[in-house]
Amino acid sequence: GGSCRSLAARLGPVCLDAASFSRRRLSFGPQFVYTPESADKSLGETSRMNLFQAVTSALDNTLANDPSAVVFGEDVAFGGVFRCTVGLKDKYGKDRVFNTPLSEQGIVGFAIGHAVAGATTVAEIQFGDYIFPAFDQIANEASKYRYRSGNHFNCGSLTVRAPIGAVGHGALYHSQSPEGFFAHLPGIKVVIPRGPIQAKGLLLACINDPDPCFYFEPKILYRSAVEDVPVNGYVLPIGKAEVLIEGSDVTLIGYGTQVHVLREVARLAQSELGVSCELIDMRTILPFDEETVYASVCKTGRCLIAHEAPLTGGFGAELAASVQEHCFLNLEAPVRRVAGHDTPFPHIFENFYLPNQRRCLAAIKDLIGY
Amino acid sequence: MPLSSSAIRANLLLLRGGGGLFVSSRLASSAVLSTRPYKLHKLESGPASEAQVTSDEARKYYRDMATVRRMETAAGNLYKEKAIRGFCHLYSGQEACCVGMEAVLDRNDPVITAYRAHGWTYTRGVPVKAVLSELTGRASGCAKGKGGSMHMYNHNFYGGNGIVGAQVPLGAGIAFAQKYREDKRVCVTLYGDGAANQGQVFEAFNMAKLWDLPCIFVCENNKYGMGTAVERAAASTAYYTRGDYIPGLWVDAMDVITVREATRFAKDWCLSGKGPILLEMETYRYHGHSMSDPGTSYRTREEVQSMRQMRDPIASFRQTLLTAELVAEEELKEIDQSVRKEVDEAVQAAKTNAVPDPKELYTNVYSQPPSGQPNYRIRGIDQFTWSAN
């Protein structure tokens, strides 16, 4: 009603009128400004890289140092549809960097087998939207291998990479965020980086991790996120979230692209509403960092979780249930989730679908006013 | 003795005053054209080596192919202007396949294909305007603007599917429904050379053969799965044999009459109760895999150019028609102009027609709201979206 319109008016140009929608040139997709970070000086020499170059660098380090390592997937040999594997085939040879046929179930099954045999295996699924034919292999083979064999075998040296997330024009089959499905599989790890420095360190951590890892790259950040990334190899911890902004009134939780949207939300909350927000990047979806999350929400008393994936059964639901269980007495308001709507990712009206700044700010207002 | 072009023009001018365009009686009303050779797999005989083509048919095929070509070019331009967003996979170069097949099918034969679907959408009866409007996300699009390039539909046209190979088991299921209902129809299930390596395709083959389904499987082999050439993706590139126990036919799909006769053969095969059949349409796409792919990092410009010059389906059909004196050159020019006009108008409509109502963001998720919950709302939809009207 009236209150949301006035909030909308205060937040800047909002086009909720369908007629003017067609006249104005709205920019599509997640709205954010990427804030570059800097790496620890101890990691040594850096080079300017965007996110896909950071991925290439991590793969380059891996192929250089681990003779068993192979990288494969659809179209990776010429460099990949997102340029993540540029130059690797020429440098390491076509028996280590090669194209697979168009068979996701085959690619992942084959990758699991290769990893079980002891080789470091990095498989690429071209878009996270296409990973579903492989889901049986992931759910029934990869995640259960160690457990069902009583630790006799495992596919820990497997890493599967896939681009995910909204990009402004991906529509139904090039924008999905499937992390929620994978969070439901004990035995695997699920990691989502927010930028180039994070991407390289987390990917190397996944490759070196003794359990099978699923590494989802927010595709909108491939080119738009640019930082000075260390050229040598380094790892960042899996299973550890990061507090990016400290605050006292509301805990904002996100991962991947949404972290950058939430940065903007935190800034607006301070300037528009006088609310101090603490921002957490989960980084690892499974196993998630309970300690950091609970400590923050117990401190602030209010929690907002935001993700692009649809609301019902999304990863935010797990976080919300866990937070209310562990922080109940400290909560000033119910835990809120702002997520994609319970529809397929749309071809039209992506702006209305995504957990954008306005929706997040409205939720913060509700939390404060509860 | 062939007529001079001025004589033809004179004849046409005389006749034009009658309010219509009549072909000069000096041109043939039909001709016998030869088809290009086929290759057979587990078949004792194949399609006809010659076919009778009337001038009406010739005009229609030419017009349809020219329309698809111009429509795809317009779509490419709209994409570059950012009027179309998302992923857009163009059919240019493959026109003979959809037009040739559609010449034998009727609107009651269902068709299902993958995402390179604009050509099929048109031949299945969706006007150019509705195709382009769907691409630009307008309410006048054939899926109300909700599907976009990869999800176009019409009566007996089941799309338009984004996930490679997923449409093949669907096609087998549709064929089963035809058989169950004793409709004398065939289901045409198309997939590409990339999809030919998907496991689910083989699952569909098995079911189709086991249950003798009236399904024509069609592999549109354009030599590249995205950026991977067929030799590097498939242990066997003889896609017409990959159905193994399903008989198969290799077709030079750069010639519309060759495609037509192969389809006639396949339809007769299925309708006589012999079960499924597999057609490999060897064709070529001029553009990259999608608008995001220039199409030159994995093949040479010379290759693309030489295909355009030597094997273009429209240019070669045009030449055939003129040589056989089936259609006058003037008429072909008229058709070109009329097609250009139609597509230009469609482009205008696609740029200016109304966008869908914002409620389309959350309609059609389910058939209707759950009973007993009159105030049911799609979860997550909030006051901004509901009040956006």
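The structure described here is a predicted model, and a search of the whole of it finds 6 cavities of 30 Å³ or more.

**The largest cavity**
- About 250 Å³ of space lies in the largest cavity, and its lining divides into 9 nonpolar, 8 polar and 4 charged residues.
- The lining is made up of 21 residues, and those that lie nearest the centre of the cavity are B:Tyr115, B:Arg116, B:Gly192, B:Asp193 and B:Asn222.
- Strand 5 (187-192) and strand 7 (224-225) of chain B each supply at least two residues of this lining.

**Strand 10 of chain A**
- Because 5 of the 5 residues of strand 10 (residues 250-254) of chain A are buried, this strand is largely enclosed by the rest of the structure.
- A:Val250, A:Leu252 and A:Gly254 point one way from the strand, whereas A:Thr251 and A:Ile253 point the other way.
- Strand 10 runs parallel to strand 11 (residues 277-281) of chain A, to which 5 bridges join it, and A:Thr251 stands opposite A:Glu278 there.
- Strand 10 also runs parallel to strand 13 (residues 303-310) of chain A, with 3 bridges joining the two, and here A:Thr251 stands opposite A:Cys303.
- Together with helix 11 (residues 258-273) and strand 11 of chain A, strand 10 makes a right-handed β-α-β unit.

**An annotated domain**
- An unreviewed UniProt entry carries the annotation "domain: Transketolase-like pyrimidine-binding" for residues 49-224 of chain A, a stretch that is 38% helix and 16% strand.

Note on methods
Residues numbered from 1 in each chain as written. Chains lettered and ligands numbered in written order. Predicted model: local features only at pLDDT ≥ 70, side-chain atom pairs only at ≥ 80, totals over all residues. Heavy atoms only, no water. Buried < 20%, exposed > 50% of the residue type's maximum accessible area, 1.4 Å probe, protein only. Helix = DSSP H or I, 4+ residues; strand = E, 2+ residues; numbered from the N terminus. Pairing = 2+ DSSP bridges. Right-handed = clockwise from strand over helix to strand, strands pointing away. UniProt positions renumbered as here; feature names shortened; annotations may be inferred. 1 Å grid on protein atoms, 1.4 Å probe; cavity = no way out; pocket = protein on both sides within 12 Å on 5 of 7 lines; lining within 4 Å. Points joined across faces, edges and corners; volume = space filled by probe spheres on them. Nonpolar A, V, L, I, M, F, W, Y, C, P; charged D, E, K, R; others polar.
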